[in-house]
Amino acid sequence: MSAQVSSNRAFFNQLKKYYTYYTGGFLVFLVALTILEQLGLPRVWIGYVFLFATIALYAGIGIMSRTADVAEYYVAGRRVPAVFNGMATGSDWMSAASFIGMAGGLYLQGFDGLAFILGWTGGYCLVAFLLAPYLRKFGQFTIPDFLGARYGGNAARFIGILVAILVSFVYVVAQIYGVGLITSRFTGVEFTVGVFLGLAGILVCSFLGGMRAVTWTQVAQYIILIIAYLIPVVWLSVKHTGIPLPQLVYGSVLQKVTEREKQLTADPKEKEVRDIFRQRAADAKARVDGLPGTWTAGREAAEKRVADLKAANAPMAEQKAAEKALADYPKTEADARRIWSGQIGSNNARAAPPLPHGEPFYSANPDPAKAEAERDRKRKNFLALVLCLMVGTAALPHILMRYYTTPSVQEARRSVFWSLFCIFLLYFSAPALAVLVKFDIFTLVVGKNFADLPGWVASWQKVDPRLLNITDINKDGIVQLAEITLGQDIIVLATPEIAGLPYVISGLVAAGGLAAALSTADGLLLTIANALSHDLYYKMVNPNASTQKRITISKILLLVVAVLAAYTAAAAPADILFLVAAAFSLAAAGFFVPLAAGVFWKRANKYGAIASMIVGVTITFYYMATTQVWLRSVFGVTSSVADNTWWDIAPISAGIFGMPAALITMVVVSLLTPAPDKQTQELVEHVRYPSLKGDTMNPAAQAGGVGH
Amino acid sequence: MQLTQAHQEYWRRNLNMTLVLLAIWFVSTFVMGFFARELATINFFGWPLSFYMAAQGSMVIYLVIIWYYARAMKRLDEEYGVAEGED
């Protein structure tokens, strides 16, 4: 044992040395590129250099970590030190949504957006106290492994496989979509090409070396993504507060933002713009109410205008505009109803005064009783979402799997701390970034002449008007806050330019977003491929398969799943952000109860576990399918949303119903059926103690020669 | 295999600690969230208190309790002779 401890220590020191050199090398690379930019390296080249240099780097690590050893392939040899496993978990965990979308979500939603910050960090308490150390002691390869061993047999394992694949596949599609978006935006290649470029980047990391290669590239990716996130925030903080610690000082900036919100709410010019939007919403409502007459009348008016202009021989531009208006006119009455109803909502949203950023559960409703009801509803949904995200975090197989890779139970416990610490560095900066950018826009964009806008506004408006759009609605030549629309991704993407940093930093941010998406996709793909090759093929179909054969099959499956996911992502499913959140609710309702009960309740048996997984996932899925717009259209649900909604809970938090249902099912069914046999009870005791005298059980040995 | 009295005591102490830490987790997340509107009136170094907690404070609490659990469990393992490498 002591020989092992000292070899672990030597390994740790070696890793520390490698990654210090790596970080230093990366910083030198940044400085060199900055100098080259000053010397006139074109921007598009900087984008290419970042894209190809980082993917080549990950590929290099992947090739160096290639392996054909089962324990190395599935659990990185179980010798990943706590700190490094923490970094790997951090980048495994933080996806494109965390890196690019989070700060923007906080900008748009204010306090209510913090549900994601709380939910995506607090879940690690559940991982630390209820799961990680016990799964590490159990010491096999996958999450279905645990379900199969604890709940005696292939039925529980099989349902576990299904849930793991459902949850991970939904999630990986969103990551590959993110990769395609970043690649295409920063290099100008087509979206589909970007998707498949990203796919290549994912496969070179995981294909040759499985978990071992994924682990060491994830550590490298964490270092890039955290540098990329912190540099622009720190710079922006220096710009507005003079202090390079944004997380500690943005309280004062938030106060200024709150002051400015009050001014902007009362400002007569702002009111004028908001009134224009209110009028537009009212017009749209009148048109919807007047259907079908308004639709035919509008069509005739558009046709008449085209004919009149032609007859009067009006200027070509005017004629073209009229023809386009006619071509864009809703084709059918149903189209008109859908489009105009959408206009009521979007114009009403823009007619609202600015959202008070620091105010929890805000309602703009002037009627106090209605406002109070709305605020209660928002509070309820906030708490429900936080709970779903937390429990979902503690049930996502690609995260739990990482705790199999530490050398010991004690290292697994410490590793959860380091995981959360690495995540914390980004998550406690995101709310600061949102407030700083808001302050920048409130003071340096709003109130300016359209002619004097900062350069980044024009350049981003050109890239994609959905990301940033400023139009002079009331034609006074001055920007009002109500005239600005922002997409959530712009906040992180444009921060380097807002802060006045060189374009290299924009390239760095793109590389960081890419690292976040690639690392998460790696972990997820591996989870799916392992569930199929290890759990389904080796454990259920062919237990006599040779080591060589198992790894080959796993690699082939990895390829198949990756291509399938890229194909789905390239088809750009409608509501990708919803799908990610849905994965959390499904995981929370499906996995958490059987996993935690497996350790803490000896009486929990296989019938309870199987029923609980089925009931949890079914109820959660049913609620989503009947209340979420896109899923309703997929399943052709026609009954009204209001009839299907329970206690005003939004579909994103559907797990709030699945979780208690799973718990009750687990308890009731387990108690109605026979207690688990003696061997299972001994397994529970085995996982509860890091080491137990006289304990003959060694599930790791049964799994195929993994000494540890 | 028969568990000794000491083993059962180890598990009981582990459960107690887990429960206490989960209670702290619950209060700093859900009780804080439930009373967010009331806590927003308190100024905490420039932030409304509930905003500070949700954006930073609660995360710091999570880090501290996870760190404490790892340390305390290591001591408990050693005290009861169930640490790895002691069999």
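How many residues does the contact take from chain B, and how many from chain A? The legends below start there; keep in mind that this is a predicted model.

**Figure 1. Where chain B meets chain A.** The contact draws on 42 residues of chain B and 46 residues of chain A. On the chain B side, helix H1 (5-34), helix H2 (36-39), strand E2 (47-48) and helix H3 (49-79) each put in at least two residues. H3(B) gives the most, with 17 residues. Sorted by class, this side of chain B has 27 nonpolar, nine polar and six charged residues.

**Figure 2. The largest nonpolar core, with members from both chains.** This core counts 235 residues, and those touching the most other members are A:Leu131, A:Ile176, A:Leu225, A:Val391, A:Leu525, A:Phe592 and B:Ile66. Helix H22 (residues 503-541) of chain A is the top contributor, giving 20 residues to the core. Zoom in on B:Ile66 and you'll find A:Tyr124, A:Cys125, A:Ala128, A:Val416, A:Phe417 and A:Leu420 touching it, once residues up to four places away in sequence are set aside. There is also a second, separate core of five residues, including A:Tyr689, A:Leu692, B:Val82 and B:Ala83.

Figure 3. Look for A:Thr121 in helix H6 (residues 114-138) of chain A. Is A:Thr121 buried or exposed? With 23 other C-beta atoms within 10 Å, A:Thr121 is buried, since 20 or more is what it takes. Ignoring neighbours within four places in sequence, A:Thr121 is in contact with A:Leu420, A:Ile423, A:Phe424 and A:Tyr427, and also with B:Met59 and B:Tyr62. A:Trp601 sits 480 residues away from A:Thr121 along the chain, and their C-alpha atoms are separated by 26 Å.

**Figure 4. B:Met32 in helix H1 of chain B.** B:Met32 lies in helix H1 of chain B and is partly exposed, with 19 other C-beta atoms within 10 Å. Leave out residues up to four places away in sequence, and B:Met32 touches B:Val27, B:Leu39, B:Ser50, B:Met53 and B:Ser58. B:Leu49 is 17 residues from B:Met32 in sequence, and the two are 9.7 Å apart in space, C-alpha to C-alpha.

Figure 5. H8(A) covers residues 154-187, and at 1.5 Å a residue its 34 residues should span 50 Å; the end C-alpha atoms are 48 Å apart, which agrees. Just after H8(A) comes A:Gly188, which takes a positive phi of about 80°.

**Figure 6. Helix H12 of chain A, with one buried face.** The 22 residues of H12(A) (residues 268-289) should span 32 Å at 1.5 Å a residue, which agrees with the 31 Å between its end C-alpha atoms. Its buried residues are A:Glu270, A:Val273, A:Arg274, A:Ala284 and A:Arg287. Turned away from the buried side are the exposed residues A:Pro268, A:Gln279, A:Ala286 and A:Asp289.

**Figure 7. Two domains of chain A.** Chain A is divided into domain 1 (1-41) and domain 2 (268-372). Their C-alpha centres lie 56 Å apart.

Notes
Residues numbered from 1 in each chain as written. Chains lettered and ligands numbered in written order. Predicted model: local features only at pLDDT ≥ 70, side-chain atom pairs only at ≥ 80, totals over all residues. Core = buried A, V, L, I, M, F, W, Y, C linked by C-beta atoms within 7 Å. Buried ≥ 20, exposed ≤ 12 C-beta atoms within 10 Å, placed from the backbone. Helix = DSSP H or I, 4+ residues; strand = E, 2+ residues; numbered from the N terminus. Contact = placed C-beta atoms within 7 Å. Nonpolar A, V, L, I, M, F, W, Y, C, P; charged D, E, K, R; others polar. Expected span 1.5 Å × (residues − 1). Domains from an automatic or database assignment.
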